[in-house]
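I opened the notebook to look up how this chain is put together. My notes follow.

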Amino acid sequence: MVEKCTLDYESLASLGSMLGSGGITVLHDGVDLMSAAYNTMRFYHHESCGQCTPCREGTGWLEKLAHRFHENHAHEGDTELLADVCKNMRGRTICVLADAAAMPMQSYLQHFPDEFQKRTHAPAYVERQRTERDEMTPAAKRETIEHGATNAVNVGMGMDRI
């Protein structure tokens with residue numbers, strides 16, 4: 001892609017990028033992309049002033065998710081979550097630090113999807129065994145009984161009576 005680019009507005013726009021203040025990162029073929037992505041996201045999370053929620057929370061999520069990929073502990077759906085976090089950061093803050101953090105991650109996701117896929121090993125979530133304690137809170141149980149349900153007494157927080 002660099003060979004096609006002449007660093008003018010039209011050339012960069014045709015490659016899906018733009019001119020402005022920013023940086024270009026050139027990596028050797030042997031560099032671990034997940035390490036580079038994690039390092040970049042650590043930088044932006046550290047630099048966030050924390051004033052805007054999308055940036056404060058978003059850069060933290062990007063760093064956390066990038067760390068999962070870096071450590072080979074990514075879950076199914078983490079690439080989609082990364083893309084969603086990036087989408088929800090861009091254009092929603094006072095300054096452009098959130099945009100600056102989201103854009104490199106979006107580039108990594110767009111240009112190197114296989115790198116993310118081969119680091120995904122864990123299932124999306126672990127189904128937990130539900131118990132009767134999980135079924136109904138005491139307040140919900142009282143409300144159910146008040147409205148005439150007869151079998152709600154033994155459901156919920158493990159109580160026999162309210």
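At roughly what angle do the axes of helix α2 and helix α5 cross? I looked up the pair in this predicted model, where local features need pLDDT of at least 70, side-chain atom pairs count only at pLDDT 80 or more, and totals for chains, interfaces and linings use all residues. Residues are numbered from 1 along each chain as its sequence is written, and side-chain values use heavy atoms, without hydrogens and water.

**Helix pair.** The axes of α2 (residues 33-47) and α5 (residues 97-111) cross at roughly 170° and come within 10 Å. I took axes as lines fitted to C-alpha atoms over the stretch in contact, with angles from 0 to 180 degrees between N-to-C directions. The two helices are therefore roughly antiparallel (over 145 degrees).

I then listed the contacts (heavy atoms within 4.5 Å). On the α2 side I found L33, A36, A37, T40, M41, Y44 and E47. They meet L97, A100, A101, P104, M105 and Y108 of α5. The residues of this contact divide into 11 nonpolar, 1 polar and 1 charged. Ala, Val, Leu, Ile, Met, Phe, Trp, Tyr, Cys and Pro count as nonpolar, Asp, Glu, Lys and Arg as charged, and the others, Gly among them, as polar.

**T59.** I placed T59 in helix α3 (residues 53-70). T59 is buried, at 1% relative accessible area (buried means under 20%, with a 1.4 Å probe and protein chains only). Leaving out residues up to four places away in sequence, T59 touches M41, Y44, H45, S48, P54, M89 and A101.

**Whole chain.** I noted 8 helices and 2 strands (DSSP runs: H or I of at least four residues, E of at least two). Of the 162 residues, 27% count as buried.

Conventions: Buried < 20%, exposed > 50% of the residue type's maximum accessible area, 1.4 Å probe, protein only. Parallel < 35°, antiparallel > 145°, perpendicular 65-115°, else oblique.
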